[in-house]
Each structure stands twice: as structure tokens, then as C-alpha cells.
Amino acid sequence: MQQFRYAEASDLYRAQEALMGWARQAGHSYYLHKGDIGHRLFNGCCNYDKAEMFRYWLDEQGELAAFAILYPHWESFDLQAAPSLLCGAEHSRLFDFCESETLRLAAKFGLRFANLVAEAGDSHQAYRAFVEAKGYRRDKLCITMTRHDLRELPRAELPEGFRFHEASALDAARLADVHNHSFTNKWDSESYGACRLRGLHVAASRNRMGGHRARWTIRRFHQLVGRCGQSLAAL
């Protein structure tokens with residue numbers, strides 16, 4: 001496999017398309033939501049060079065085999081590998097690379113920490129065992145799903161003049177404007193559209209934006225903490 005760094009939007013789109021295919025093939029228990037890639041890269045890593053934070057690997061046929069987003073500022077990284085690599089020797093090699101590269105970037109940016117953090121869901125015990133075999137230990141439950149009995153929820157109707165429609169690229173500028181006024185002013189229609197979040201857009205009267213509802217698949221995730229050990233001492 002050959003490693004590459006983020007250079008243009010097509011690198012993000014390639015990762016999103018591959019991720020959806022991998023999830024269809026092997027299920028969602030290990031993989032991120034495709035919208036998380038753009039969100040974590042453009043929002044979580046907004047102050048860093050994308051070429052440093054996003055890496056991907058192509059196989060001999062030129063197909064995407066794996067990609068990673070590194071977060072030295074969060075003491076973590078996300079490594080997403082094709083189903084054929086999961087929990088195998090190549091996955092292990094890439095995991096080790098992401099650990100060492102995250103620590104290298106931490107030193108470059110002047111960040112110091114004692115642990116690296118990984119996430120593993122209950123629904124993929126093989127991956128959880130894979131991470132624990134790397135020296136990580138369970139620290140806490142960080143995400144869990146809350147189920148509601150929908151029969152107890154009152155029926156609600158949209159106000160007069162409002163309607164639902166599937167979110168599209170045409171809505172990106174309005175979503176970016178809402179995000180900029182709610183959080184930090186760093187989004188535009190191109191960067192927000194790159195996230196490609198699936199969801200329902202609420203249009204108000206006179207074609208004004210009324211709201212947006214993203215679709216997410218949430219499951220139980222455990223936070224696993226690993227000692228950096230010699231790698232950290234070598235910084």
C-alpha cells in the first residue's frame with residue numbers, strides 16, 4: 001500500500017464513498033458516519049494543516065484501503081480500514097503508524113499528554129479485543145444510545161408555511177450561516193457541503209431556512225486509554 005496526504009476535496013469524497021461501501025459490506029459497528037469525516041477534519045482540525053491530519057492508503061489496484069484522521073490536540077486518532085484488513089496484520093501496522101505519527105505531531109505542536117485514547121463499540125468485540133491487545137484498557141463509557149417509546153410522544157405538526165425536504169447542496173450556504181452564528185465563524189458553503197451530512201431540511205415560508213435534522217446511527221462506545229510509554233518518552 002502507498003500512503004498519501006490530504007490535498008483536495010476529492011480525497012475527502014473518496015473516503016466517504018469507501019466508508020459507505022465498507023459499512024454496507026461489514027456493518028456499521030466499527031465505522032464512522034461519513035459526515036463525521038468532514039466535520040472532524042474541517043471543524044475539529046480547523047487550526048491545523050489538513051495534509052498533516054488526514055492520511056490515506058491506496059492498494060496496488062489504486063483502491064482506497066484505509067484512511068486516518070490524527071488528533072494530537074484530542075490525544076487520539078481515527079483509523080478506518082477496509083473490511084479485508086480489519087484486525088489483521090496490516091491493520092495492526094497502520095494502527096502503530098497512527099500512534100507514532102500522532103505523538104510526532106504532538107511534539108511538533110508543543111502538546112504533551114500521558115495517554116492516547118481509542119474508541120471501541122460493544123457491537124464489534126473483535127475490534128475491541130484488537131485495541132486491548134495493543135495495550136489499551138477500558139476507561140469509561142463515552143457514548144450510548146437512548147431509546148424512547150415513540151408511542152408516548154405527542155403528535156406534532158409543522159407550523160403553517162413550513163415543509164420538509166431532503167437536504168441538498170443548495171442548502172449548504174444556509175447551514176454554514178447558521179453554524180457560523182452558533183459556534184465559530186469558519187464555514188462556507190463549500191466546506192459545509194464537503195461534510196455531506198444526510199438529513200432533512202426544514203424550509204419556512206418565503207423560502208427561509210427553518211431548521212435541519214441530521215441522521216445518525218448511535219451505538220455504545222467505550223473509551224479505551226493506552227499508555228504512550230516509550231513512544232512518549234522518545235519525544
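Okay, the side chains of Glu52 and Lys108 meet in a salt bridge, at 2.2 Å from N to O. By salt bridge I mean a side-chain nitrogen of Lys or Arg within 4 Å of a carboxyl oxygen of Asp or Glu. This pair links distant parts of the chain, with Glu52 in helix 3 and Lys108 in helix 4, 56 residues apart. Helices here are DSSP runs of H or I with at least four residues, strands are runs of E with at least two, and both are numbered from the N terminus.

Before I go on, a word on the model. It is a predicted one, where local features need pLDDT of at least 70 and side-chain atom pairs count only at pLDDT 80 or more, while totals for chains, interfaces and linings use all residues. Residues are numbered from 1 along each chain as its sequence is written, and side-chain values use heavy atoms, leaving out hydrogens and water.

Is Glu52 buried or exposed? Glu52 is buried, with a relative accessible area of 8%, whereas Lys108 is partly exposed at 49%. The cut-offs are under 20% relative accessible area for buried, over 50% for exposed, and partly exposed in between, with a 1.4 Å probe and protein chains only.

Glu52 has another partner. Arg5 forms a salt bridge with Glu52, and there the closest N and O atoms are 3.2 Å apart. Arg5 sits in strand 1, residues 2-5, and Glu52 in helix 3, residues 50-53, so this pair ties together parts that are 47 residues apart in sequence. Arg5 is partly exposed, with 38% relative accessibility.

Now over to helix 4. Glu101 and Arg104 form a salt bridge, with 2.8 Å between the closest N and O atoms. Both lie in helix 4, three residues apart, which is about one turn of the helix. Glu101 counts as buried at 9% relative accessibility, and Arg104 as partly exposed at 35%. Across the whole structure, the search finds twelve salt bridges.

While we're on helix 4, how does its span compare with what it should be? Its 20 residues should span 28 Å at 1.5 Å a residue, and the end C-alpha atoms are 29 Å apart, which agrees. The expected span is 1.5 Å times one less than the number of residues. Among the buried residues of this helix are His91, Leu94, Phe95, Cys98 and Leu105. Just after helix 4, Gly110 takes a positive phi of about 75°.

Next, the aromatics. There are 15 aromatic pairs in the structure. One of them is Trp22 with Tyr31, a tilted pair at 5.9 Å centre to centre and 40° between the planes. The rule is that rings of Phe, Tyr and Trp (its six-membered ring) pair if their centres lie within 6.5 Å, with planes under 30 degrees apart counted as stacked, over 60 as edge-to-face and the rest as tilted. Trp22 is buried at 7%, and Tyr31 is buried at 2%. Then there's Trp57 with Phe97: ring centres 5.8 Å apart and planes at 90°, so that pair is edge-to-face. Trp57 lies in strand 2, residues 54-58, and Phe97 in helix 4, residues 89-108, so the pair ties together parts 40 residues apart in sequence. Trp57 is buried, with a relative accessible area of 3%, but Phe97 is partly exposed at 22%.

Last stop, two Asp residues. Asp78 is in strand 4, residues 76-81, and counts as buried at 13% relative accessibility. Which side chains does the side chain of Asp78 meet in polar contacts? Arg40 is one, at 2.4 Å, and Tyr71 is another, at 2.7 Å. A polar contact is a pair of N or O atoms within 3.5 Å; within protein, one must be able to donate a hydrogen and the other to accept it, and residues adjacent in sequence count only if both atoms are side-chain atoms.

Asp11 is in helix 1 and is buried too, at 4% relative accessibility. Not counting residues up to four places away in sequence, Asp11 touches Arg5, Tyr6, Phe54 and Tyr56, where contact means heavy atoms within 4.5 Å.
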